[in-house]
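Grab a pencil and work through these exercises with the model open beside you. Try each task before you read its solution.

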Amino acid sequence: MSLLDIRVLGDPILREETIPVTAFTADLARLIDDMFETMDLAKGIGLAAPQVGRRERVTVIQVDDDRYVLINPEIVEREGSAKAEEGCLSIPDVYADVERATRVLVRALDRDGKPFEVEATDLLARCMQHEIDHLLGRLFIDHLSVLKRRAALAKWTKGKDKYPNFTRRLSAADVASHHHRDEEL
Ligand SMILES: [Zn+2]
């Protein structure tokens, strides 16, 4: 397994739609394992392929002790709505309240290509919506009002020089300095 660099806001890949997976190869399995390793070190609860510079329609999630691999996921039902703070591993140090459905039913393929459905509520539902957005080229800041987005981007502009070439290379120090570990997706 190997640690992957995280792409940050400004890298065009974060704005591209991913490509549905059709082949369940050893390469795909390696990508999934590397994404879990990267997410774990970054103390995130979700990571989508574009965040590590890849175009496959794949996301990994860990909420509480449950791990999920969602390949070609689709939200088939959504219900309720609530606002809560979100962050993103690709927009470090920026947090904002985002309105999301409180319950979703997601249909996806597992790492072997087998279809399944998962019903998610609360934080897991929020995480899945955030990650599925990534697979469609959307970011959490897209859900903010113009004013709140402007404030978030102003904060980002101040810190973005830390990430040359839109690359965030994880290190022990980087991880140790993170306080919002449970809200980054
Ligand atoms: Zn994110």
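**Exercise 1. Work out why the radius of gyration of the protein agrees with that of a compact globule.**

Step 1: The radius of gyration is taken over C-alpha atoms, and the globule rule is 2.2 Å times the number of residues to the power 0.38. Step 2: For 185 residues the rule gives a value near 16 Å, and the protein has 15 Å, so the two agree. Step 3: For the outline, the C-alpha trace spans about 45 × 40 × 30 Å along its principal axes.

Before you go on, two ground rules. Residues are numbered from 1 along each chain as its sequence is written. The model is predicted, so local features need pLDDT of at least 70 and side-chain atom pairs count only at pLDDT 80 or more, while totals for chains, interfaces and linings use all residues.

**Exercise 2. Find how many helices and strands there are, and the pattern they follow.**

Step 1: Helices (H or I, at least four residues) and strands (E, at least two) are DSSP runs, numbered from the N terminus. Step 2: Counting them gives four helices and nine strands. Step 3: Reading along the sequence, you get β-α-β-β-β-β-β-β-β-α-α-β-α. Step 4: Now look at contacts (two residues whose C-beta atoms, placed from the backbone, lie within 7 Å). Of the contacts with a separation of 6 or more, 71% join residues 24 or more positions apart.

**Exercise 3. Decide which residues of α1 are buried, and on which side of the helix they sit.**

Step 1: Call a residue buried if 20 or more other C-beta atoms lie within 10 Å of its own, exposed if 12 or fewer, and partly exposed in between, with C-beta atoms placed from the backbone. Step 2: In α1, that makes L31, M35, T38, M39 and A42 buried. Step 3: These residues are on the same side of α1 because they cover an arc of only 100° around the axis; the arc is that of the directions from the helix axis to the C-beta atoms. Step 4: On the face turned away from the buried side you'll find the exposed residues A26 and R30. Step 5: Check the length too: α1 has 17 residues and reaches 24 Å from its first C-alpha to its last, close to the expected 24 Å. That expected span is 1.5 Å times one less than the number of residues.

**Exercise 4. Compare that with α2: how many of its residues are buried?**

Step 1: α2 is mostly covered, with twelve of its 14 residues buried. Step 2: Among them are L124, C127, M128, I132 and L135, but also R126, E131 and D133. Step 3: From first C-alpha to last, α2 reaches 20 Å, close to the 20 Å expected.

**Exercise 5. Locate the largest nonpolar core and say what builds it.**

Step 1: A nonpolar core is a set of buried Ala, Val, Leu, Ile, Met, Phe, Trp, Tyr and Cys residues joined through C-beta atoms within 7 Å. Step 2: The largest has 40 residues, and M35, L47, I61, L70 and M128 have the most contacts inside it. Step 3: At least two core residues come from each of α1, β2, β3, β4, β6, β7 and α2. Step 4: α2 gives the most, with six residues. Step 5: Zoom in on L70, which touches T59, I61, V106 and A108 once you skip residues up to four places away in sequence.

**Exercise 6. Find where the residues D93 and N165 sit, and whether each is exposed or partly exposed.**

Step 1: Most residues other than glycine have a negative phi. Step 2: D93 has a positive phi, near 70°, and is in the loop between β5 and β6. D93 counts as partly exposed because it has 16 C-beta neighbours inside 10 Å. Step 3: N165 also isn't a glycine, yet its phi is positive at about 55°. N165 is in the loop between α3 and β9, and it is exposed, with 9 other C-beta atoms within 10 Å.
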